[in-house]
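This report covers the backbone and the interface of the structure shown below.

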Amino acid sequence: SQQGEEDPQALSIQEGENATMNCSYKTSINNLQWYRQNSGRGLVHLILIRSNEREKHSGRLRVTLDTSKKSSSLLITASRAADTASYFCATEGSYIPTFGRGTSLIVHP
Amino acid sequence: NAGVMQNPRHLVRRRGQEARLRCSPMKGHSHVYWYRQLPEEGLKFMVYLQKENIIDESGMPKERFSAEFPKEGPSILRIQQVVRGDSAAYFCASSPRGPGQGTEQYFGPGTRLTVT
């Protein structure tokens with residue numbers, strides 16, 4: 001399957017803690033993207049990492065990519081209650097971007 | 001610069017009726033994707049269109065579902081003779097370039113279809 005799979009399915013942490021989500025995939029990719037979805041809303045693009053990159057930062061977000069293990073991780077540092085959402089990875093090769101089931105993150109104030 | 005617009009936001013249909021979902025992509029975007037999302041699940045790709053052409057409809061059921069993206073006007077996802085299993089959130093996304101080019105997709109707010 002080309003689809004990325006996020007792990008864990010659900011994550012509950014306290015405000016200020018770091019949150020780490022993982023994404024594994026099975027086929028070669030050109031890039032991998034992370035999206036966030038707030039309840040009842042559409043997805044919002046967070047960050048893109050290309051297959052020749054190993055790490056990328058954007059504000060409190062840090063994404064890593066290990067193509068040898070076919071996995072990526074999204075780290076949110078110093079989490080806030082507003083970070084509560086579902087997070088999806090989307091893998092893209094020469095095909096349509098495919099999304100996993102997502103990680104549901106709850107940040108308790 | 002308005003984002004991707006979808007309407008209606010909520011749609012209730014009885015079994016056997018038709019559902020028409022509309023998507024207006026961002027200005028300048030000629031690539032449109034439709035996805036379906038069931039509760040607690042990820043997005044399932046349905047169809048990818050580029051102005052006036054269906055490029056990939058591999059995720060769309062062969063029967064009762066159709067999509068179009070005319071030269072003028074919004075993209076339309078049409079579901080005929082709806083059944084309860086069609087109840088889901090349908091999201092549209094647009095991008096300025098096609099897949100495989102590391103292009104960010106911009107998503108609309110979705111249409112929540114309920115079939116009674």
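This is a predicted model: local features need pLDDT of at least 70, side-chain atom pairs count only at pLDDT 80 or more; totals for chains, interfaces and linings use all residues.

In which loop of chain B is Arg64(B) found? Arg64(B) is in the loop between β6 (53-56) and β7 (65-68) of chain B.

## Residues with positive phi

Most residues other than glycine have a negative phi. Arg64(B) is not a glycine, yet its phi is positive, at about 75°.

Lys70(A) lies in the loop between β7 (61-66) and β8 (71-76) of chain A. With a relative accessible area of 28%, Lys70(A) is partly exposed.

## Cis peptide bonds

Most peptide bonds are trans. In chain A, the bond from Asp7(A) to Pro8(A) is cis, and its omega is near 0°. The loop that holds Pro8(A) runs between β1 (5-7) and β2 (10-14) of chain A.

In chain B, the peptide bond from Asn7(B) to Pro8(B) is cis, with omega near -5°. Pro8(B) lies in the loop between β1 (5-7) and β2 (10-13) of chain B.

## The interface of chains A and B

How many residues of chain A are in contact with chain B? On the side of chain A there are 22, and they meet 24 residues of chain B. The two chains bury about 1,600 Å² between them, and 53% of that area is on carbon and sulfur atoms. Three residues, Ile96(A), Phe99(A) and Arg101(A), supply 31% of the area that chain A buries against chain B, more than any other three residues.

Three strands of chain A give two or more residues each to the side that touches chain B: β4 (31-37), β5 (43-50) and β9 (85-92). By class, this side of chain A has 8 nonpolar, 10 polar and 4 charged residues.

## Polar pairs across the interface

Between chain A and chain B the count of salt bridges is 0. Polar contacts are present: the rule finds 4 residue pairs across the interface, with both residues of a pair at pLDDT 80 or more.

Note on methods:
Residues are numbered from 1 along each chain as its sequence is written. Chains are lettered from A and ligands numbered from 1 in the order in which they are written. Side-chain values use heavy atoms; hydrogens and water are left out. Helices (H or I, at least four residues) and strands (E, at least two) are DSSP runs, numbered from the N terminus. Buried means under 20% relative accessible area, exposed over 50%, partly exposed in between (1.4 Å probe, protein chains only). Contact means heavy atoms within 4.5 Å. Buried area is the accessible area (1.4 Å probe) that two parts lose on being put together, summed over both. A salt bridge is a side-chain nitrogen of Lys or Arg within 4 Å of a carboxyl oxygen of Asp or Glu. A polar contact is a pair of N or O atoms within 3.5 Å; within protein, one must be able to donate a hydrogen and the other to accept it, and residues adjacent in sequence count only if both atoms are side-chain atoms. Ala, Val, Leu, Ile, Met, Phe, Trp, Tyr, Cys and Pro count as nonpolar, Asp, Glu, Lys and Arg as charged, and the others, Gly among them, as polar.
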